Amino acid sequence: MNTPDERFLRTDTSRMARTTGGLDYLHDSAGAPFNYMYPPPDGEPWENCSYRTHVVDIIDARPGAQHFLLHRHGFELREAPSCLDDVDDDAQIRARYYPEVEAIACEAAGGARALCFDHQIRRRSRDEQHLTFGRQNAQASAVGRVHNDYSEASGLARLGLVLRDDVAQARVRRYAVVNVWRPLIEPVIDAPLAMCDARSVMAQDLVAAEIRYPGRSGEIYVLKHAPQHRWYYFPHMTKREVLVFKQYDSQASGVSRFTPHAAFLDPAAPADAPLRASIEARCLVLFD
């Protein structure tokens, strides 16, 4: 895990345009944190942890968008028009959109090839007053809790889950899990996605948490609040743009490895702004 870049943390960002947003950080936990993503069994709580909202500065990254790089900051913005025209057709997404995403992730990461292995569509509803862990009834929604989709353990396990062939696995020297996030409405005013500069995150900020689904569990990182975290967003994203960000990298040093992120409610957004809808896809990027 990289330590914060001290020169970066001393950089004067006071003149950069910004907004504020409430982001939910882990506050307390009775043991290792867990969260159910479906109604838990009788007698079980939804979660054994609590979160506290911290109002943070979130800097407008658009003026310097070209300077943000996947392997340095953990994220970058790319213009990438898509031919996808029906997000309700799962087969079309896999047949037409997955190859697009693989090309985007591979180019951004500089990998030899990429394999898209899942996707998620998120839609906000009007009655959500607070962004939590991204579930509004059965519909996936925007996630307001600061998190990274993979931990060290689940990142290590992902290679074998995607590449089932032991011989193929053995040939891989380095790989990464990369997320490609695209708006389905434009411009994005409601619940934009905030990205934390990976250089401002330290190992002790990351807490492994179990996410429980019907029939399976996954492990992510939730975050403890730290004042050195530096948050950015790209306002008014369009459907022709994607955010590419790193969720895990098997290379242990010299590159970003984990990129915490969360949606936030911009206090400047009008109350009748179109509700955010988005599609995110995850790729295993192989470097050699």
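Helices (H or I, at least four residues) and strands (E, at least two) are taken as DSSP runs and numbered from the N terminus. The structure is a predicted model, in which local features need pLDDT of at least 70 and side-chain atom pairs count only at pLDDT 80 or more, while totals for chains, interfaces and linings use all residues. Residues are numbered from 1 along each chain as its sequence is written, and side-chain values use heavy atoms, with hydrogens and water left out.

The protein chain contains five helices and 16 strands. Its C-alpha trace spans about 50 × 50 × 40 Å along the principal axes. The radius of gyration, taken over C-alpha atoms, is compared with a globule rule of 2.2 Å times the number of residues to the power 0.38. For 288 residues this rule places a compact globule near 19 Å, and the 18 Å of the protein chain agrees. Buried residues (under 20% relative accessible area; exposed over 50%, partly exposed in between; 1.4 Å probe, protein chains only) make up 54% of the 288 residues. With contact defined as heavy atoms within 4.5 Å, 77% of the contacts between residues at least 6 apart in sequence join residues at least 24 apart.

Helix 3 comprises residues 90-109 and carries a kink of about 40 degrees at Y97, shortly before the proline P99. The bend at a residue is the angle between axes fitted to the seven residues ending there and the seven starting there. Y97 itself is buried, as are Q92, I93, Y98, E100, V101, I104, A105, C106, A108 and A109 of this helix. The cover over these buried residues includes helix 2 (70-73) and strand 4 (75-79), together with strand 5 (113-123), strand 9 (175-183), strand 14 (241-249) and strand 16 (277-286).

Backbone features of note occur in two loops. In the loop between strand 9 and strand 10 (193-196) lies P187, which is joined to E186 by a cis peptide bond with omega of about -10 degrees. That loop also holds A191, a residue other than glycine with a positive phi, near 50 degrees. A191 is buried, its relative accessible area being 1%. A positive phi, near 60 degrees, is likewise found at H236, again a residue other than glycine. H236 is placed in the loop between strand 13 (231-233) and strand 14. With a relative accessible area of 48%, H236 is partly exposed, whereas A191 is buried.
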